[in-house]
Amino acid sequence: MGQTVKVDRRLLFQADADQETNIEGHDDLKGIHVRYDFTELALDNTNKYTPYLDTTSTVALGSGGVLLTTAATDTKTCTQTQGGIWWYPGKNCTVEHKFQIDVITNVAIFAGLSDAVSEASGLLPFGIVTATLTDTASNGAGFLFDTRQTLSYFNIVNTKANTEAFTQLTATYVPVAATDLVLRTAIDTSGNARYYWNGVQVGYKANAVTVATPLIPFFGIRNNTATAHVATLRRVDVWQD
């Protein structure tokens, strides 16, 4: 009998186990896991985060997470990346964003991995107008919602060496205003990407990114009209081997 216990279901601690010590010994993860849950007293935008504040957009700690507020001007963005560009597809990198948006009209949202800490004014790593995807990232993958698209549903997107692609999800995959959503993008050692919506896989893209190009967790929103939007980013989890 080997020394590995394989678990394919959740562990639920209840009764006394939920109120007392439920793990003994020293846990020792094989891989790397970093969680950003925004419980600090102040955001460290020098060593820990990189915000992009388009004109009067703001990023600030708030109730339940970090608040990204766009300027009340058309085509303005507000983005935040976590840490450095140290997450390698060749090491099975995965990112998960938990967030909510105040309203779902006239807005674009990107949550995933990109190869740049920020983009220029008015730009996210990806955008869709009518039925055409554009990218400012050279390598990246994630979820994109953009009301400039003909049908406003979430898409799974990727770009590999500036060759971009997208698949639009069905009408059930739309954000709900002021409601938490959990989106995960997982990239394996071959550069294939898997996409998860609230814990359920909703897509797969083969050869989605360049394996040797490091990426960074990227979250951002964009105004599509002259009305401010507010996203609450509750947590970001990142893993790799």
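Trainee: Which residues make the nonpolar surface patch?

Mentor: Val5, Val7, Leu11, Phe13 and Ile23 make that patch, about 550 Å² in area. Nonpolar side chains are joined within 5 Å, like charges within 9 Å. Areas come from the Shrake-Rupley method with a 1.4 Å probe, and for residues only the protein chains shown count as cover.

Trainee: Is this predicted or experimental, by the way?

Mentor: The model is predicted, so local features need pLDDT of at least 70 and side-chain atom pairs pLDDT 80 or more, while totals for chains, interfaces and linings use all residues. Residues are numbered from 1 along each chain as its sequence is written, and side-chain values use heavy atoms, leaving out hydrogens and water.

Trainee: Back to Val7: buried or exposed?

Mentor: Val7 is exposed, at 54% relative accessible area. The cut-offs are under 20% for buried, over 50% for exposed, and partly exposed in between. Val7 is found in the segment before β1 (32-36). Strands here are DSSP runs of E with at least two residues, numbered from the N terminus.

Trainee: New topic: how do β8 and β9 run?

Mentor: β8 (residues 126-129) and β9 (residues 132-135) run antiparallel, joined by 4 bridges; strands pair if DSSP finds at least two bridges between them. They form a hairpin with 2 residues between them, and Thr130 in the turn has a positive phi of about 60°. Phe126 stands opposite Asp135.

Trainee: How many aromatic pairs are there?

Mentor: The count is 10, with ring centres within 6.5 Å; planes under 30 degrees apart are stacked, over 60 edge-to-face, and the rest tilted (for Trp, the six-membered ring is used). Phe110 and Phe126 are a tilted pair, because their centres are 5.4 Å apart and their planes at 35°.

Trainee: What does that pair tie together?

Mentor: Phe110 lies in β7 (residues 107-114) and Phe126 in β8, so the pair ties together parts 16 residues apart in sequence. Phe110 is buried at 0% relative accessibility, and Phe126 is buried at 2%.

Trainee: And what stands opposite Phe110 in β16?

Mentor: Gly220 does. β7 and β16 (residues 216-223) run antiparallel, joined by 8 bridges.

Trainee: What's the strand order in the open sheet?

Mentor: The order is β2-β5-β16-β7-β10-β11-β12, with antiparallel pairing. Its edge strands are β2 (49-53) and β12 (163-168), each pairing on one side only.

Technical notes. Patches are made of residues with over 30% relative accessible area and no salt bridge: like charges are joined within 9 Å, nonpolar side chains (Val, Leu, Ile, Met, Phe, Trp, Tyr) within 5 Å. A salt bridge is a side-chain nitrogen of Lys or Arg within 4 Å of a carboxyl oxygen of Asp or Glu. Buried means under 20% relative accessible area, exposed over 50%, partly exposed in between (1.4 Å probe, protein chains only).
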